Amino acid sequence: MKANFYTSLSPGQTVPTAPENMPFLEKVRVAGELEDISDARESAEAVFRTVRELMPLEASDRVAGLPAESNAAGG
């Protein structure tokens, strides 16, 4: 399901935003001078994915709270 999540949405269909994320997304919307929360969410997600890809694996594990040896064990 995850692999096809975004392609399974029909045009115009949106994914609901969690209420606990709204204050952060509102800050992103204002700072980025974006029109609505969905633009802010898409921008924040693009930045998050880019930063995650550029981070060394050990740093991303620390951010995720995983033990350092989790990758050596294949997990």
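First, some ground rules. This is a predicted model, where local features need pLDDT of at least 70, side-chain atom pairs count only at pLDDT 80 or more, and totals for chains, interfaces and linings use all residues. Residues are numbered from 1 along each chain as its sequence is written, and side-chain values use heavy atoms, with hydrogens and water left out.

Let's start with the overall layout. The protein chain has three helices and zero strands, running α-α-α from the N terminus on. Helices here are DSSP runs of H or I with at least four residues, strands are E runs of at least two, and both are numbered from the N terminus. Of the 75 residues in the chain, 12% are buried. Buried means under 20% relative accessible area, exposed means over 50%, and partly exposed lies in between, using a 1.4 Å probe and protein chains only.

Now to the helix pair. Helix α1 covers residues 22-31 and helix α2 covers residues 37-54; their axes come within 8 Å and cross at roughly 90°. The two are therefore roughly perpendicular to each other, a label for angles of 65 to 115 degrees. The axes are lines fitted to C-alpha atoms over the stretch in contact, with angles running from 0 to 180 degrees between N-to-C directions.

Who touches whom? From α1 we have Met22, Phe24, Leu25, Glu26, Val28 and Arg29, and they meet Ile37, Ala40, Arg41 and Ala44 of α2. Contact means heavy atoms within 4.5 Å. By type, that contact holds seven nonpolar, no polar and three charged residues. In this scheme Ala, Val, Leu, Ile, Met, Phe, Trp, Tyr, Cys and Pro are nonpolar, Asp, Glu, Lys and Arg are charged, and the others, Gly among them, are polar.

Staying with α2, which of its residues are buried? They are Ile37, Ala40 and Ala44. Looking down the axis of α2, these buried residues fall within an arc of 55°, so they line one face of the helix; the arc is taken from the directions from the helix axis to the C-beta atoms. An α-helix has 3.6 residues a turn, so residues three or four places apart point the same way. The buried residues of α2 pack against α1, while the face turned away from them carries exposed Glu42, Glu53 and Leu54. Ser38, also in α2, is partly exposed at 27% relative accessible area.

Glu33 sits in the loop between α1 and α2, and its phi is near 50°, a positive value in a residue other than glycine. Glu33 counts as exposed, at 74% relative accessibility. Then there is helix α3, residues 57-64, with Ala59, Ser60 and Asp61 buried. Gly65 follows α3, with a positive phi near 80°.

Technical notes
Parallel < 35°, antiparallel > 145°, perpendicular 65-115°, else oblique.
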